[in-house]
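Here is a walk through one protein model, a few spots at a time. Have the structure open as you read.

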Amino acid sequence: NDFDCVFAVIAMVANKTLAEVRQVAVDKFDVPLHGPWWPTESMINGLCAHFGWAATVYKEASTSAELPDIAFLMVDYNPKTEIGRHVLFHRQRAAGGVEYIIDPAFWVDQTKQVRRDVKGLPPSLWYIGVHAMKPAK
């Protein structure tokens, strides 16, 4: 589905299947099985929390250095409609700060679905930072 990019990036971080994340969205966040919908910030936060991850509000950055180690980036953003789609950004500090992006869109060329050319990001970039929740004591 063209709208499943946000579910896909959540699935990647949470180590779940796309179907599992989508089903939780349908069951708990009123996403329709069919038809149009848009992922709200609160839905993204709620889905992440359901799977043990904390998510921030949308924030703006101008370089990848300003991004947290794990983030959902808004790409193909249209400022008039204020919509875009999501990709996963990851910085591996243990590997010397290697940064890469995973783009789940099925229409993106396979050679660009995993890429390390993060320097070519737009000058104004919206993202949601994510990190694992601390286990309850």
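## Starting at A61

Let's begin with A61, which touches E66, L67, P123, S124, L125 and Y127, leaving aside residues up to four places away in sequence; a contact here means heavy atoms within 4.5 Å. A61 belongs to strand 2 (residues 59–61). Helices (H or I, at least four residues) and strands (E, at least two) are DSSP runs, numbered from the N terminus. With a relative accessibility of 3%, A61 counts as buried, the scale being buried under 20% relative accessible area, exposed over 50% and partly exposed in between (1.4 Å probe, protein chains only). Between the C-alpha atoms of A61 and Y100, 39 residues apart along the chain, the separation is 16 Å.

## What kind of model this is

This is a predicted model, where local features need pLDDT of at least 70 and side-chain atom pairs count only at pLDDT 80 or more, while totals for chains, interfaces and linings use all residues. Residues are numbered from 1 along each chain as its sequence is written, and side-chain values use heavy atoms, with hydrogens and water left out.

The pLDDT, the predictor's confidence in each residue from 0 to 100, averages 89 over the protein, and 97% of the residues score at least 70. Confidence is lowest in strand 6 (residues 114–115), with a mean of 90, and highest in strand 1, at 97. Where pLDDT is low, the predicted coordinates should not be read in detail.

## Helix 1 and the residues at its ends

How many of the 10 residues of helix 1 are buried? The count is 9, so helix 1 is largely enclosed by the rest of the structure. Those buried residues are C5, V6, F7, A8, V9, I10, A11, V13 and A14. They pack against helix 2, helix 3, strand 1, strand 3 and strand 4.

In the segment before helix 1 sits D4, which counts as buried at 8% relative accessibility. Setting aside residues up to four places away in sequence, D4 touches L18, R22 and W37. After helix 1 comes N15, with a positive phi near 60°, and N15 is not a glycine. N15 lies in the loop between helix 1 and helix 2 and, at 69% relative accessibility, is exposed.

## Helix 1 against helix 2

Two packed helices are described by the angle between their axes and the distance between the axes. Helix 1 and helix 2 pack at about 115°, with axes 8 Å apart. The axes are lines fitted to C-alpha atoms, for helices over the stretch in contact, and angles run from 0 to 180 degrees between N-to-C directions.

Which residues do the meeting? From helix 1, F7, A8, I10 and A11 meet L18, V21, R22 and A25 of helix 2. This contact divides into 7 nonpolar residues, no polar and 1 charged; Ala, Val, Leu, Ile, Met, Phe, Trp, Tyr, Cys and Pro count as nonpolar, Asp, Glu, Lys and Arg as charged, and the others, Gly among them, as polar.

## Helix 3

Helix 3 (residues 41–50) has M43, I44, G46, L47 and C48 as its buried residues. These pack against helix 1 (5–14), helix 2 (18–29), strand 1 (53–55), strand 3 (70–78), strand 4 (83–92) and strand 7 (125–132). Just after helix 3, G52 has a positive phi of about 90°.

## Two aromatic pairs

The whole structure holds 2 aromatic pairs. Rings of Phe, Tyr and Trp (its six-membered ring) pair if their centres lie within 6.5 Å; planes under 30 degrees apart count as stacked, over 60 as edge-to-face and the rest as tilted. F7 and W37 form a stacked pair, 4.8 Å centre to centre with 10° between the planes. The pair links distant parts of the chain, F7 in helix 1 and W37 in the loop between helix 2 and helix 3, 30 residues apart. F7 is buried at 0% relative accessible area, and W37 is buried at 11%.

In the other pair, the ring centres of F106 and W107 are 5.0 Å apart and the planes at 85°, so this pair is edge-to-face. F106 is exposed at 55% relative accessibility, while W107 is partly exposed at 42%.
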